[in-house]
Amino acid sequence: MAAKKKTTTASTRAKAQVKKKMAPPVPTLERLEAIHPDAHCELDHEGPFQLLVATVLSAQTTDVNVNKATPKLFAAYPDARTLASATQDDVEPLVSTLGFFRQKAKSIIGLSKKLVASHGGAVPRTLAELVELPGVGRKTANVVLGVTWNTPEGVVVDTHVQRISQRLGWTKNTDPVKIEQDLVKLLPREKWDRTSHVLIFHGRRICFARKPSCEKCGISDMCPSAFAAENVGRKPPRLRVTG
Ligand code: SF4
């Protein structure tokens, strides 16, 4: 019985490994949307200003850590006008659990000042205006545009989106900017925001970096890396400096 099960598993893997170069983008995305109907931005916020601040704070740290810090921050400074009048000494203790907190405190005060001075305290709705704000790059701008208004000007590429796009054969690139260029060519504009949320959910729940759960994955029949993905889309190991 055990031998039969082993043979079946091996044959399933062999079938899955019949080489496809690329998972068909739209059908694969639709399947992923069905698997993760609750996929959404996991940064807690109320309105575009708080999302902008939370996204700036999320660089190099997890959403969970940001969500632990922001309730006190937003209770004291709920909008651009209040945060623009805060000092560095006021804000640093509220974000001190996050990496690069001094720079992040400077950025969120600075972006608040600019929002007040140039946009009447409101968050602008174009990527060109958003990236002019301190600490705001293309990725942060597209998170805000996508989550708030579903008008991103690209696909947000984080570590999960990067890894899974490579595993699905949607890109051969490793640079996030080039991966984004590949994704926008493959996927319809109205799906750009959903794409990053469902890929992030899939990466956090099934397609793990180290041991992807291909056996449990609902797109394994479409995925060219199924059952052979462990080394696809992984960051290179850090070199040890000795001596
Ligand atoms: S879990 Fe496996 S089959 Fe699913 S997307 Fe990741 S590599 Fe492909």
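Q: As what does Phe-100 count, judging by its C-beta neighbours inside 10 Å?
A: This is a predicted model in which local features need pLDDT of at least 70 and side-chain atom pairs count only at pLDDT 80 or more, while totals for chains, interfaces and linings use all residues. Residues are numbered from 1 along each chain as its sequence is written. A residue is buried with 20 or more other C-beta atoms within 10 Å of its own, exposed with 12 or fewer, and partly exposed in between, the C-beta atoms being placed from the backbone. Phe-100 has 15 such neighbours, so the residue counts as partly exposed.

Q: Where is Phe-100 found?
A: Phe-100 is not a glycine, yet its phi is positive, about 55 degrees. Helices here are DSSP runs (H or I, at least four residues; strands are E, at least two), numbered from the N terminus. Phe-100 is found in the loop between helix H6 (88-95) and helix H7 (101-119).

Q: Is Asn-150 buried or exposed?
A: Asn-150, also not a glycine, has a positive phi of about 50 degrees. Asn-150 lies in the loop between helix H9 (138-149) and helix H10 (159-167). Because Asn-150 has 12 C-beta neighbours inside 10 Å, this residue counts as exposed.

Q: How many helices and strands are there in the protein?
A: Reading along the sequence gives the pattern α-α-α-α-α-α-α-α-α-α-α-α. The protein has 12 helices and 0 strands.

Q: What share of contacts in the protein between residues at least 6 apart in sequence join residues at least 24 apart?
A: Two residues are in contact if their C-beta atoms, placed from the backbone, lie within 7 Å. Among contacts between residues at least 6 apart in sequence, the share joining residues at least 24 apart is 62%.

Q: Why are the buried residues of helix H2 on the same side of H2?
A: In H2 (residues 25-35), the buried residues are Pro-25, Thr-28, Leu-29 and Leu-32. They lie on the same side because the arc they cover around the axis (taken from the directions from the helix axis to the C-beta atoms) is only 100 degrees.

Q: Which helices do the buried residues of H2 pack against?
A: On the other side of H2, Val-26, Pro-27 and Ala-34 are exposed. The buried residues of H2 pack against helix H11 (176-186) and helix H12 (192-205).

Q: How many residues of H10 are buried?
A: The buried residues of H10 include Val-161, Ile-164 and Arg-167, and they pack against H11 and H12. H10 is mostly covered, and of its 9 residues the number buried is 7.

Q: Which residues come nearest to the ligand?
A: A residue is near a molecule or strand if its C-beta atom, placed from the backbone, lies within 6 Å of it. Of the 14 residues around the ligand, those that come nearest are Cys-207, Cys-214, Cys-217, Cys-223 and Ala-229.
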